[in-house]
Amino acid sequence: MYLLLFLAAVVTSLQTVICMDDNFLDTNYPHKLSSSCFRVKGIPVAKLSCQSNSLIKVKKGFYGIPRVNKNNTCAYEYHAKEWKSHCVQQAQMHQNCNGERTCAMHVSNPFLSRCLDYAWYMQVNYTCIPENNVYDICQSRSGHVHVQQGFIRSPNYPYRNYTSDQDCQCKLTAAKGIIKIKLLDFAIHDDGSKGKTCASDWLDAGGQRCGFYKPEQIPKMIETDSNQAIIKFHSDSHQSAKGFWLEFSASNGHQVSMICKSMKKTPVASVSNLIVEPPEEPIIVSATQVLPPLETNDNGGEHEDGDIDTGKISATDKHNENLAGSSEDNTTEDYVDKVQIITGVVVGCLILIAVIIVIVLVFRR
């Protein structure tokens, strides 16, 4: 009987340690906690907050009951002497605070099956990640980034939806070990066009993914089978969503080299779209319009050195002069005819007006 009780106590202690030893502390960033007591007035709320230009990253949420020193105990506070004095059970997170600067999480006190009592408090352990340590998957960089623990996000995350019509990727290479990826927040639009899943937008991190994940649907860890991994992101030209935020690292804490770039190609104008103007029509000028006709001498030959005898007028020149004179005479006659017509019209109008005036005067008398 005593042996069974002893084994039950050992199992309970091991369960508590296992529950709390799942990436409980993030050694690269300061640890923060928020607790909410259930045995107080009002609605219990767990409030998380980070400074400006920092993002909340939730590590663990759990319920707890103090076993000893129950007076005003409302937090677990991970210490070697503390874990034995609390019975804890992992909490199901129904609200995702990852990627926010401030977050208020409403909680309730469920019955804890492994503690055989209702929870006294809920505690959330989290860290604050500086935004300059979170890399845009579509932002090209000139060189590699070397980190032990890194973060990748979609464009504009978390303030606006990601941009449309993107094709980007990040290549990760670990010095040793394998690459581990953890999704922290995930909301990728999928219109289900053509009856296919992830036909419009998707993230490829250990397999293509899309949709809107609830906190309980986000996979805890994605482990690759090598020291290299390529993370790809695609969005079409239609609707978009909040995007994603993920964390990566290498097993055994080895450094990871990362390089990201946009794969979008600049459109090139096709030959069919080029505008080609037709050549202008050539202007044909006859030789007679440029050079005067060559005169011949009395012997029937041309003048030497191309000289032209100005004392002689060819028949062609006389014909051209006659045409020019005739054209000028015709123009003068047309002008005289127009003046006569206009003068006749004006005189006729004046006579008509005079007649009307005389008729009016006669009738007035």
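**View 1. Strand E3 gives the lining of the largest pocket its largest share, four residues.** This is a predicted model, where local features need pLDDT of at least 70, side-chain atom pairs count only at pLDDT 80 or more, and totals for chains, interfaces and linings use all residues. Residues are numbered from 1 along each chain as its sequence is written, and side-chain values use heavy atoms, with hydrogens and water left out. A pocket here is an open set of points on a 1 Å grid over the protein atoms alone, where a 1.4 Å probe fits, with protein on both sides within 12 Å along at least five of seven lines; lining residues have an atom within 4 Å of a point. Strands are DSSP runs (E, at least two residues), numbered from the N terminus, and helices are runs of H or I, at least four residues. There are 23 lining residues, with Gln 90, Met 93, Lys 182, Pro 215 and Lys 220 nearest the centre. Strands E3 (54-66) and E13 (179-188) are the elements giving two or more residues.

**View 2. Here's a cis peptide bond, from Tyr 157 to Pro 158.** Its omega is near 0°. Pro 158 sits in the loop between strands E11 (149-153) and E12 (166-174). Most peptide bonds are trans.

**View 3. Asn 53 has a positive phi, near 65°, without being a glycine.** You'll find Asn 53 in the loop between E2 (45-49) and E3. Asn 53 counts as partly exposed because its relative accessibility is 48% (buried is under 20%, exposed over 50%, partly exposed in between, with a 1.4 Å probe and protein chains only).

**View 4. Leu 116 also isn't a glycine, and its phi is positive at about 55°.** Its loop runs between E6 (111-112) and E7 (117-118). Leu 116 is exposed, at 68% relative accessible area.
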